[in-house]
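Please examine the structure shown here with attention to its helix packing, its ligand site and its backbone geometry.

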Amino acid sequence: MKPQDAETIMAPAILVTGGAGYVGSHTVMSLLERSESVEFEIVVVDNLTNAYRSDDQKKPEPLRIIEEMTGKKIHFYELDIRDREGLNKIFAAHSIECVIHFAALKAVGESVEKPLEYYQANISGTCTLFEAMRKHGVYKLVYSSSCTVYGEPEKLPLDESHPTGQGLASPYGRSKFFCEEIMKDLCRSDPKWMVISLRYFNPVGAHHSGRIGEDPTGIPNNLMPFISQVAVGRLKELLVFGNDYPTIDGTGVRDYIHVEDLAEGHVKAIKLFKQPGFSGFHAVNLGTGTGYSVLQMVAAFERASGRRVPLRVTGRRAGDVAANYADVSLALRLLGWRATRTLADMCRHTWAWQSAHPQGFRDC
Ligand SMILES: NC(=O)c1ccc[n+]([C@@H]2O[C@H](COP(=O)([O-])OP(=O)(O)OC[C@H]3O[C@@H](n4cnc5c(N)ncnc54)[C@H](O)[C@@H]3O)[C@@H](O)[C@H]2O)c1
């Protein structure tokens with residue numbers, strides 16, 4: 001639907017920007033699967049730069065499937081968050097209570113080549129969204145941040161008091177850091193703002209049904225979709241960037257988190273807005289607290305899928321750190337959230353999705 005066609009709907013709503021993407025769609029699913037969020041209508045805006053819609057459908061494929069699975073309606077608008085007028089129309093048409101802001105460009109390497117495009121979409125777009133929120137009196141925000149804001153870890157595990165913004169290797173990472181600084185300034189300027197910035201570690205996996213999952217365009221930037229596309233025969237071999245790091249087997253170590261756990265973190269975050277006295281800016285890590293190396297991930301995936309994943313070691317990638325993993329104690333204290341799914345779940349669900357949809361949503 002186009003914003004100008006929006007009908008006025010007065011039921012309380014959650015606006016999800018970028019809700020047709022990977023983490024956004026799983027969060028929409030999680031919101032609709034939970035009875036306590038039924039009181040909210042779900043309104044998604046997405047410009048479809050990184051989400052698939054088939055020619056004969058009005059809604060992007062992940063949202064169409066979620067509606068089919070849950071029997072619940074999602075209001076979808078094809079809209080760029082930099083479209084001020086369009087946003088205003090949507091805020092006027094729906095009774096939006098809070099915003100979960102996923103919409104962003106996210107390819108680290110591409111951001112080095114196209115910094116202006118990244119700053120435009122991720123920072124300018126975010127400011128336009130915040131202006132629309134303020135204009136319509138909406139001050140509750142959950143933001144998709146990243147462990148990238150920590151840069152090279154000074155110590156592990158990384159907790160939220162670790163300095164941010166130092167030595168960041170890419171415009172993408174800086175855009176996440178700058179947005180956090182902007183949100184801190186907003187909160188200082190007006191106590192009505194309530195902002196939870198969720199610093200994701202490495203989201204992987206798919207919905208346990210295998211019906212929605214990660215569907216990157218081109219060669220995947222992230223490890224898990226790369227592994228699964230090799231396993232399914234779409235790619236010939238996995239490239240391992242460096243095996244001379246000071247880690248258990250020389251390959252990079254990351255804190256992988258199941259996307260359904262991550263999605264549930266957002267549902268918990270929204271509940272905090274109801275807590276009396278809650279206000280201001282809060283950054284919270286979402287990870288498992290455990291790091292796995294590239295080779296450990298490959299072995300776990302081979303076990304889960306029964307497929308072999310051929311690999312080739314090549315040089316280190318600029319900007320990659322040896323290891324990072326989260327201190328997740330604040331998420332438990334503040335949100336009452338902790339990741340419950342295992343590495344085997346992450347691999348099994350990724351494989352359920354990838355093996356049923358070798359070409360991603362084009363196979364739905
Ligand atoms: N996936 C990860 O590894 C990871 C890690 C840390 C943080 N994040 C952050 O989480 C968020 C979601 O990531 P994802 O993996 O789901 O990415 P994604 O690309 O799958 O989803 C982002 C969605 O936003 C849409 N979008 C992009 N620019 C837009 C714009 N200007 N206006 C409207 N829609 C726009 C895209 O079409 C896409 O559907 C992003 O902000 C990302 O930076 C992701």
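The model is predicted: local features require pLDDT of at least 70 and side-chain atom pairs count only at pLDDT 80 or more, while totals for chains, interfaces and linings use all residues. Residues are numbered from 1 along each chain as its sequence is written, and side-chain values use heavy atoms, with hydrogens and water left out.

The ligand is surrounded by 27 residues, of which Asp 46, Asn 50, Phe 102, Lys 106 and Tyr 172 are the closest; a residue counts as near if one of its heavy atoms lies within 4 Å of the molecule. Several polar contacts can be located, a polar contact being a pair of N or O atoms within 3.5 Å. On the side chain of Tyr 172, a polar atom is 2.6 Å from an oxygen atom of the ligand. Phe 102 places a backbone N or O atom 2.8 Å from a ligand oxygen atom, and a backbone N or O atom of Asn 47 is 3.1 Å from a nitrogen atom of the ligand.

Tyr 172 also takes part in helix packing, as one of the H6 residues that meet H5. Helices here are DSSP runs (H or I, at least four residues) and strands likewise (E, at least two), numbered from the N terminus. Two packed helices are described by the angle between their axes and the distance between the axes. Each axis is a line fitted to C-alpha atoms, for helices over the stretch in contact, and angles run from 0 to 180 degrees between N-to-C directions.

The axes of H5 (residues 115-135) and H6 (residues 171-189) come within 9 Å and cross at roughly 20°. H5 is therefore roughly parallel to H6, the class for angles under 35 degrees. Their crossing is right-handed, meaning that the near helix is turned clockwise from the far one by less than a right angle. In this contact (heavy atoms within 4.5 Å), the H5 residues include Tyr 118, Tyr 119, Ile 123 and Phe 130, and those of H6 include Phe 178, Ile 182 and Leu 186. By class, the contact comprises 13 nonpolar, 3 polar and 1 charged residues. Ala, Val, Leu, Ile, Met, Phe, Trp, Tyr, Cys and Pro count as nonpolar, Asp, Glu, Lys and Arg as charged, and the others, Gly among them, as polar.

H5 also packs against H3 (residues 84-93), at an angle of about 35° with the axes 10 Å apart. This crossing, too, is right-handed. Arg 84, Leu 87, Asn 88 and Phe 91 of H3 meet H5 residues including Leu 129, Glu 131 and Lys 135. The contact of H3 with H5 has 5 nonpolar, 2 polar and 3 charged residues.

Elsewhere, the axes of H1 (residues 22-33) and H8 (residues 259-272) come within 8 Å and cross at roughly 60°.

Two loops complete the account. Leu 48, in the loop between strand S2 (41-46) and helix H2 (61-70), has a positive phi near 65° although this residue is not glycine. Pro 157 lies in the loop between strand S5 (140-146) and H6, and the peptide bond from Leu 156 to Pro 157 is cis, with omega near -5°.

Definitions and conventions:
Angles under 35 degrees count as roughly parallel, over 145 as roughly antiparallel, 65 to 115 as roughly perpendicular and the rest as oblique. A polar contact is a pair of N or O atoms within 3.5 Å; within protein, one must be able to donate a hydrogen and the other to accept it, and residues adjacent in sequence count only if both atoms are side-chain atoms.
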